[in-house]
Amino acid sequence: MLRADLILGIILAVAFGYMLVDLQGMRWQAAVAPGLTAAAGLFLVVWHLIGTGVRLWRPPPCDAPQDAASYDIEDALPIAGFLLAVCMVLLLGFAIGGALFVFLSVLGTTRGRWVVSLVCAAPVYPFFELAIDRGLGVVMFEGLLFRWFSG
C-alpha cells in the first residue's frame, strides 16, 4: 500500500530542514519566529515518521490476513491536497490562496456544506491582511498572478 503519510512527511521534513538552514544568514530578530516554527514543524514531522516507522517494522500478528499491495485514490489525497495548497499560495498569495484552500478543503471534508466552508475560510484573509501584514508589518507574499498583473 502506498504510504502517502510517509511521502508527505519526508517532503515536509526536507522543507522544514531547508528553512532552518536558510535562516542562518538572518538577524536573530527576523529569524526567531520562522526558526521556532520550522523547528517545531521538523520535530513533529520526525516524531510522526519515527512512530510510523516503528509501526511499519513491527511484524504483523500471525493470524492477521496478508493483503496484496493495492493503491487507492485515497492514498494520494494528502499529497494532492498539499500540492494544491502550495499552488494556490504561489499563484494567489498567502491571504487569498490560503482562504481559498481552506474553503475548498472544508467543502470537500463536509461533503458540500458551503456555509460551513465559508464560515471556516472567512477569517483567513482578514488574519493575514490585518493581523500579519498591517498589524505586525510583515509583508506577505502576494502571489505570482498579482505580481504579473501589477507589472
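This is a predicted model: local features need pLDDT of at least 70, side-chain atom pairs count only at pLDDT 80 or more; totals for chains, interfaces and linings use all residues.
## Close-up views of an all-helix model

Figure 1. The members to look for are Val86, Leu90, Leu91, Leu144, Leu145, Trp148 and Phe149, which together have about 700 Å² of accessible area on the surface.

**Figure 2. A closer look at Leu90.** Leu90, one of the residues of the nonpolar patch, is found in helix α3. Is Leu90 buried or exposed, or something in between? Its relative accessible area is 41%, a value between the 20% and 50% limits, so Leu90 counts as partly exposed.

**Figure 3. Trp148 and Phe149, an aromatic pair within the patch.** Trp148 and Phe149 both belong to the nonpolar patch, and both are exposed. Searching the whole structure turns up four aromatic pairs. In the pair shown here, the ring centres of Trp148 and Phe149 are 4.9 Å apart and the planes stand at 50 degrees, so this pair is tilted.

**Figure 4. A cluster of phenylalanine rings.** Here you can follow Phe94, Phe127 and Phe128, which ring pairs link into a cluster. How are the rings of Phe127 and Phe128 arranged? Their centres lie 5.6 Å apart with the planes at 65 degrees, so the pair is edge-to-face, the label for angles over 60 degrees. Phe127 is partly exposed, its relative accessible area being 46%.

Figure 5. Stepping back, the protein chain has six helices and zero strands, and reading along the sequence gives the pattern α-α-α-α-α-α. Of its 151 residues, 23% count as buried. The chain exposes about 11,000 Å², and carbon and sulfur atoms supply 73% of that area. As for contacts in the chain with a separation of 6 or more, 58% come from residues 24 or more positions apart.

Definitions and conventions
Residues are numbered from 1 along each chain as its sequence is written. Side-chain values use heavy atoms; hydrogens and water are left out. Helices (H or I, at least four residues) and strands (E, at least two) are DSSP runs, numbered from the N terminus. Buried means under 20% relative accessible area, exposed over 50%, partly exposed in between (1.4 Å probe, protein chains only). Contact means heavy atoms within 4.5 Å. Accessible areas come from the Shrake-Rupley method with a 1.4 Å probe; for residues, only the protein chains shown count as cover. Patches are made of residues with over 30% relative accessible area and no salt bridge: like charges are joined within 9 Å, nonpolar side chains (Val, Leu, Ile, Met, Phe, Trp, Tyr) within 5 Å. A salt bridge is a side-chain nitrogen of Lys or Arg within 4 Å of a carboxyl oxygen of Asp or Glu. Rings of Phe, Tyr and Trp (its six-membered ring) pair if their centres lie within 6.5 Å; planes under 30 degrees apart count as stacked, over 60 as edge-to-face and the rest as tilted.
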